[in-house]
Amino acid sequence: MRRDPGGGPDGGPVTAVERVAVRTRDLTKVFRGFRAVDSVNLEVREGNVHALVGPNGAGKTTLFNLLTGFVAPTSGTIEVFDEDVTGRPPEQIARRGVARSFQITSLFDSLTSREHVELALQGTGRQGFRFWRSEKLLGRDTARVEELLGQVGLMPLADTPVGALAYGQKRALELSLALALDPPVMLLDEPTAGMGTEDVDRTIELVRRIAAGRTVVLVDHNMRVVGSLADRVTVLQQGRILAEGDYDEVRNDERVITAYLGEAHHA
Ligand SMILES: Nc1ncnc2c1ncn2[C@@H]1O[C@H](COP(=O)(O)OP(=O)(O)OP(=O)(O)O)[C@@H](O)[C@H]1O
Ligand SMILES: [Mg+2]
């Protein structure tokens, strides 16, 4: 609910005005004549877990790539906390506070989880790149590294080479690397993909902790994950927004049910 900055109806104090963390206007990406993202007007409110769902090929990952600057839009605009970042390179958008989870393919088998998190912390800080300060901060960083590994349950395996970790543990490490950046806005693309029930449950809890005090945009095909976490859900189909609302609203929407009929195998 949007609140007036002037005060509540009874003149008492009001909670802070809700801000929009990420907004797109008519955002469009055309790949060789194919409209992968088509006139999308998305509004992600600060502090929400906002889920993006939709059948395979709906444009969810492309939208993430646009929001993080990895792909330039064909037309339309992107704002982060009301600042126009359209066309900015990924590192500038990251500095505005938008980070995505690392892909599993970016992990190094011979390095430990601890070493991965150390590298992530050294790479970027809130003030930007700070390689030159890393030695001075080493003591403080050790505590931070262990806090981050503890948050994802990896402390017992902190010094094990990543090549020896199970799939779910690698995905947990990816999340801790994204957390190391402490971004106000975190984009998670299918954090539970390929996981068994137990790892899915653990990841739901983890994302819930990650979401405390920040904005999360989440893509996931698992409706249990979406239903457990999302404050708001946007359904994409063929690059366009098909429906939007809270989880119960969209899952009872006839158009959404129809869009998913061909996808029954996918949960
Ligand atoms: N670099 C590219 N060049 C050409 N076409 C692309 C490119 N990236 C994505 N596409 C196409 O855009 C459409 C949307 O793809 P996208 O990966 O965004 O879908 P998605 O919703 O993330 O699907 P999934 O649920 O399978 O991950 C697909 O038809 C895809 O083939
Ligand atoms: Mg995708």
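This is a predicted model: local features need pLDDT of at least 70, side-chain atom pairs count only at pLDDT 80 or more; totals for chains, interfaces and linings use all residues.
1. Two strands pair if DSSP finds at least two bridges between them. One of the bridges links leucine 236 to isoleucine 241, its partner in E11. Two residues lie between the strands of this hairpin, and glutamine 238 adopts a positive phi near 45°.

2. As to the chain overall, the protein contains nine helices and eleven strands. Of its 267 residues, 34% are buried. Among contacts with a separation of 6 or more, 64% involve residues 24 or more positions apart.

3. Helix H6 (residues 197-211) comprises 15 residues, and the distance from its first C-alpha to its last is 21 Å, close to the 21 Å expected at 1.5 Å a residue. The buried residues of H6 are Val200, Thr203, Leu206, Val207 and Ile210. These residues lie on the same side of H6, because they cover an arc of only 125° around the axis. An α-helix has 3.6 residues a turn, so residues three or four places apart point the same way. Thr197, Glu198 and Arg209, on the other side of H6, are exposed.

4. The cover over the buried residues of H6 includes both helices and strands: helix H5 (167-180), strand E8 (185-189), strand E9 (215-219) and helix H7 (223-229). Glycine 213 follows H6 and has a positive phi, near 80°.

5. Leucine 66 belongs to helix H1. This leucine counts as buried because 25 other C-beta atoms lie within 10 Å, where the cut-off for burial is 20 or more. Apart from neighbours within four places in sequence, the contacts of leucine 66 are Leu27, Lys29, Val37, Val71, Pro73 and Ile78. For leucine 27, which is 39 residues away along the chain, the C-alpha atom is separated from that of leucine 66 by 8.7 Å.

6. The residues surrounding ligand 1 are Phe31, Ala36, Gly54, Asn56, Gly57, Ala58, Gly59, Lys60, Thr61 and Thr62. By class, the shell around ligand 1 divides into three nonpolar, six polar and one charged residue.

Notes: Residues are numbered from 1 along each chain as its sequence is written. Chains are lettered from A and ligands numbered from 1 in the order in which they are written. A residue is near a molecule or strand if its C-beta atom, placed from the backbone, lies within 6 Å of it. Ala, Val, Leu, Ile, Met, Phe, Trp, Tyr, Cys and Pro count as nonpolar, Asp, Glu, Lys and Arg as charged, and the others, Gly among them, as polar. Helices (H or I, at least four residues) and strands (E, at least two) are DSSP runs, numbered from the N terminus. A residue is buried if 20 or more other C-beta atoms lie within 10 Å of its own, exposed if 12 or fewer, and partly exposed in between; C-beta atoms are placed from the backbone. Two residues are in contact if their C-beta atoms, placed from the backbone, lie within 7 Å. The expected span of a helix is 1.5 Å times one less than its number of residues. The arc is that of the directions from the helix axis to the C-beta atoms.
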